[in-house]
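Q: Can you walk me through this one? I'd like to start at the ligand and then go through the sheet.

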Amino acid sequence: MAFSLNAMEISLLKDYMQLTVTLQNLMLLKIAVILNVMKRSLFFLSLIIITHHSFAQVVVDSSLLLPEKDMQWWKDSKFGLFIHFGLYSVLGEGEWAMFYKRMDTSEYGKLKDSFTVSKFSGKNWVNVAKQAGCKYMVVTSRHHDGFSLFNTSVGNYNSMNSPVKKDLIKEYVDAAHEAGMKAGIYYSPLDWRYPGFFFPDLYYSNALEMKKQTYTQVHELLSNYGKIDVLWYDGGEDNWLGFAGLMWDGGKGWYTRGFNKPYTGKFSWEPVKLNSMVRSLQPTIVINPRSGWMGDFNTQEVTLRGRESRPWELCTNLSQTAWGWTPQAADRMMSLDSCVRLLVSVVCQNGNLLLNVGPKPDGEIEPAQVQRLKEIGDFLSKNGESIYGTTGGVWDATWGGTTVTDKAIYVHILKVPADGKITLPAVSKKIASAKYVGTTIKVNFRQSDNEIVLNGIANKENKTDLIVKLTLK
Ligand code: GLC
């Protein structure tokens, strides 16, 4: 994979990086805006702010989609734990450090020699997820820096060849299986070590090498560890995987393609071929949309855009810094209040929340973050019946929303209206009773053919999510 870039290529690459960094900065700006908004009122979280992931141009091929019955566990799960861990954790500057700092591959690669990960335990990670009330996990097996946390036949840039000498993914998946936790794997097809990623036409054979790596490693990940429940690709939708970078046009010369214009060069990841292989190895695996194929669900990232017509998941960070660990992570954690509001907002709109933590360089998830996750778990152990296995009902950013099952409607009140009154659409079943969840305290209600009206709502204990259960006959 040896290569060198000439002066023109380097300057073009810098342009590309500048663009990407600007977009990343934009994301950080958006995070800051969101935090501000959260501070004032989390209800505004449902505002639509466009992210740089446009969803156009992915290959729409429904023949690969999982049937409803195989998606059900995922839809019922509602809450998953995302873990970003890799060489970048050692640097503590986020998972984009290599790229941001323009680190030479071999210089960055030296981090491998200090990858001792003395406190890593797959069991602990799974335990943290369990205590948080998560029903599934997604762990980075290889991020854009190209360093694999598993035993792979492609090269020696992996955890087996670092001082830790372990297949971390195996340990994690084994622990998940043992604990009955659904095991998901994150995998980034793109790899910054390959110039073919940046210049797919100019370094076509190199790009093909990168593609081969993806096929081989995805094959390994889905063959060597038993059942894998989720495959979570990364690299944007068509945007980055189709190379956001530079295009050549005889007249115009080199130009930046822009994020909303699909790449039209000769390289293709052949996402349908890739995911057909995935399906043949793991027939019921749930696949996200970032391989260039539409996937079994849609992803929203950091910014909650709200309900979608397909199954969807919002991924975001518990700590509003980077996905990979930074020393500021514990100080910048979302409050419990924010976490609960976010989870409830997502679930009322029929989505899942995949909440990320970045373990420290030694592999341990910071105690402060573990504690916050436990607190979410406490909320879920008391109120889980109103979250898990439900379907999103109505959503009204001024007060909250509902989740429904065959037997009940749960009214999640995140802000009690000044008049203590909430009006809901009519349902055909009769309401047998209305009570605050976990209590015997009745709520005044009136049901007619046109509407349901709850009256006299009061949040005496000042709960983040005041839940009324309407039991259906
Ligand atoms: C973005 C980030 C990437 C992270 C991913 C998680 O794509 O750039 O680093 O892994 O989001 O969704």
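Q: How do the residues of the shell around the ligand divide into nonpolar, polar and charged?
A: The shell has three nonpolar, one polar and three charged residues. Here Ala, Val, Leu, Ile, Met, Phe, Trp, Tyr, Cys and Pro count as nonpolar, Asp, Glu, Lys and Arg as charged, and the others, Gly among them, as polar.

Q: Which residues are around the ligand?
A: H84, E95, W96, D234, E301, C315 and W323. A residue is taken as near a molecule if its C-beta atom, placed from the backbone, lies within 6 Å of it.

Q: What kind of model is this, and how are residues numbered?
A: The model is predicted: local features need pLDDT of at least 70 and side-chain atom pairs count only at pLDDT 80 or more, while totals for chains, interfaces and linings use all residues. Numbering starts from 1 along each chain as its sequence is written.

Q: OK, the sheet. What is the strand order?
A: The order is β7-β4-β3-β2-β1-β10-β9-β8, eight strands in an open sheet with parallel pairing. The edges are β7 (286–287) and β8 (298–301), each of which pairs on one side only. Strands are DSSP runs of E, at least two residues, and helices are runs of H or I, at least four, both numbered from the N terminus. Two strands pair if DSSP finds at least two bridges between them.

Q: How many bridges join β1 to β10, and how many join β1 to β2?
A: Five to β10 and four to β2 (residues 136–142). F82 is opposite N356 in β10, and G80 is opposite Y136 in β2.

Q: Is β1 enclosed or open?
A: Largely enclosed by the rest of the structure, because five of its five residues are buried. Buried means 20 or more other C-beta atoms, placed from the backbone, within 10 Å of the residue's own; exposed means 12 or fewer, with partly exposed in between. F79, L81 and I83 are on one side of β1, G80 and F82 on the other.

Q: What lies across β1?
A: Helix α12 (residues 336–348), which also lies across β9 (312–317) and β10 (351–357), running at about 150° to β10. Axes are lines fitted to C-alpha atoms, for helices over the stretch in contact (C-beta atoms, placed from the backbone, within 7 Å). Angles run from 0 to 180 degrees between N-to-C directions.

Q: And β3 with β4, how many bridges?
A: Four, in the parallel sense, between residues 182–187 and 230–233. Y187 has Y233 as its bridge partner in β4.

How values were computed: Contact = placed C-beta atoms within 7 Å.
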